[in-house]
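Please study the sequence and the three-dimensional structure shown below.

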Amino acid sequence: MTITKTDELQKKARRVRQEVLEMCVRAGEGRVASAFSCTEILVALFYGGILRFDTNNLQWEGRDRFIMSKSPGTVGLYPILSDLGFFPEIELEKFCQCDGILGPYGDNIPGIEAVWGSLGHGLGVGAGLALAAKMDKKKYVTVVLLGDGECYEGSIWEAAMFAGHHELNNLVGIIDRNWICTIDFTENALKLNPLESKWQSFGWDVITIDGHSFDEIFAAFKGFRTRKSHKPLMIIASTVKGKGISFLENNPMGHVIIPSREQLEKAREELGN
Amino acid sequence: MNLSMRDAFLDELYNIAREDRRVILISNDFGAPSLDKFREDCASQFIHIGIAEQNMVNVATGLALAGKIVYMYSIAPFLPLRCYEQLRVHLAFKRYHITGVVVGAGYSYDLSGPTHHALEDIAVMNALPGMTILNASDSVMGAAFARMTYENPGPKYVRFDREIFPPIYNGQKDAFSDGLTILKKGHDLTIIATGIMVHQAFKVADELARHSIDAGIIDLYRIKPLNKELLLSTIPESRRILTMEENFINGGIGSIISALVADRGENIKLRRFGVPDEYFSQGGGREQLHLLCGLDVASITKTTLSWLGGK
């Protein structure tokens, strides 16, 4: 089921945000703002025909390997995976419950490779998967979604150097550049910019896009399976943390905010129907 | 020719890798003469990761997820400590078929000072659920560990000394599946030693014999999972244990066995020998460091005799 029409993708994105909001409020847990900045990216990857997967055969050899290294946003993936049939929809209601499979960070969840929770691991693991594909002449592509705050981790740059050196052009990174880490704006806390030239100097091709524009996301992924460049690709997706809810948007402390019961109505209203 | 434990291991791993292309060896810029052959003949199975231990574990994880059997090769202090959180998440929690192989156990790099001494690794690895910890005492065991780590899935930490020691297991067919070997039986006490301290244990036992004390010797080469039943069954009627290790006394095999004795409510008297809770920078070599720690044969013998004097 590939969706290409922008308005339908936008509907999916709205539904994802609505589900995430309800799940997190119900559980009193989860990173709403972090999930909202990468909603369009996740929707494009899974509904838009970018990633290859088979929900009837989750361990299909030819599946693309998607790594949610930006682990706080994992809750944004759950409504998509359940909608696509990776696991039953009832699991969304049991988010963080003892009889459910879904927690704030993904482990042993159908559709999620390995375990994510600690920042800075995913790019190196993705590089290992991409290198193994080269060794075994496998066609899958490895896609890693990173947070911008995650790029403070030294291990990210160890992996960046490794992937550049080994010319892993079957590896695609996406940075959810929402400009906010947990307790401040990134450029106030510790400058990440110039981010593009950092990645370029580590041997990566870099494309900068608006991470909420489906057109720009698809344009960035155009021809990504058969890239002529020998370099790995980093897509820096500029986004708004908390996108869609006014009191979360660009709020430097928004990372940990779960709307209260009172705020819930306002949030529901803003996300629309 | 007697090989180092490391070379015996790498030679056997070379044989395995020639037959199974899934075997991948990653080095963080750490070499060995025996590694050169591997690098040349199994070039596509060798990865130089740079001096980047966190990425070593992460890349190993990606390779393991893709079905590879991965070995990470490093000098002892840096693999367990620089990237502990990666080891915790991917090896201990997810239990992939990845083996960390380190050279430079204890005071192996004696002259290099505390940055290069590996004295905490047993304690920190023991804290991780699911880890297997192997500590070799000779090169026969070194070669056997290559086969064991290849055939048994799950995460493992294998610890080798840097120096060459005389063989203990020469000519013996031992699968090393018991986790410990009773090298000598003794009526008066049992010395439980690990790594190179097994060699020290023989010298201590000889000294004690001159004082008519009959000491048994156990080589505890698998520290985790501990073979608890076999270990307890080796304790003589005198109910005395002496533990010997060249790593910090806090969290080492002495601590581990003490906990076992306490948990079982065993009436056993136990004395621990290891590196005290302190870093030593002194030059002069390993023997000097052993003197500072009371790990030399004379000190251990003297302390043991005075301990037994109260029996």
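This is a predicted model: local features need pLDDT of at least 70, side-chain atom pairs count only at pLDDT 80 or more; totals for chains, interfaces and linings use all residues.

Residues are numbered from 1 along each chain as its sequence is written, and chains are lettered from A and ligands numbered from 1 in the order in which they are written. Helices (H or I, at least four residues) and strands (E, at least two) are DSSP runs, numbered from the N terminus.

**Where the two chains meet**

- In this model, 20 residues of chain B are in contact with 20 residues of chain A; two residues are in contact if their C-beta atoms, placed from the backbone, lie within 7 Å.
- On the side of chain B that touches chain A, the elements giving two or more residues are helix H3 (53-65) and helix H5 (84-93) of chain B.
- The largest share of that side comes from H3(B), with nine residues.
- By type, the residues of that side of chain B are nine nonpolar, eight polar and three charged. Here Ala, Val, Leu, Ile, Met, Phe, Trp, Tyr, Cys and Pro count as nonpolar, Asp, Glu, Lys and Arg as charged, and the others, Gly among them, as polar.

**The sheet of chain A**

- Strands of a sheet pair through backbone hydrogen bonds, either parallel or antiparallel.
- In chain A, five strands form an open sheet with parallel pairing, in the order E1-E2-E3-E5-E4. Two strands pair if DSSP finds at least two bridges between them.
- Strand E1 (65-67) and strand E4 (205-210) of chain A each have a single partner strand and stand at the edges, so one side of each is left without a neighbour in the sheet.
- On average, neighbouring strands of this sheet are turned by 15° against each other, direction ignored.
- Strand E3 (residues 171-177) and strand E5 (residues 233-238) of chain A run parallel and are joined by six bridges. Asp176(A) stands opposite Ala237(A) in E5(A).
- Helix H10 (residues 214-221) of chain A lies across E4 and E5 of chain A and runs at about 165° to E4(A). For such angles, axes are lines fitted to C-alpha atoms, for helices over the stretch in contact, and the angles run from 0 to 180 degrees between N-to-C directions.

**Helix H10 of chain B**

- Helix H10 (residues 253-264) of chain B has twelve residues and reaches 16 Å from its first C-alpha to its last, close to the 16 Å expected at 1.5 Å a residue. The expected span is 1.5 Å times one less than the number of residues.
- Ile253(B), Gly254(B), Ile256(B) and Ile257(B) of H10(B) are buried. A residue is buried if 20 or more other C-beta atoms lie within 10 Å of its own, exposed if 12 or fewer, and partly exposed in between, with C-beta atoms placed from the backbone.
- Gly265(B), with a positive phi near 65°, follows H10(B).

**Backbone features**

- Most residues other than glycine have a negative phi, and most peptide bonds are trans.
- Asn193(A) and Pro194(A) are joined by a cis peptide bond with omega about 0°. Pro194(A) is in the loop between helix H8 (186-189) and helix H9 (195-201) of chain A.
- Another cis peptide bond, with omega about -10°, joins Lys224(B) and Pro225(B).
- Asp29(B) is not a glycine, yet has a positive phi of about 70°. Asp29(B) is exposed, with 11 other C-beta atoms within 10 Å.
- Ser212(B) also has a positive phi, near 60°, and is exposed, with 7 other C-beta atoms within 10 Å.

- Pro259(A) and Val32(A) are 227 residues apart in sequence and 8.7 Å apart in space, C-alpha to C-alpha.
- Pro259(A) is partly exposed, with 18 other C-beta atoms within 10 Å.
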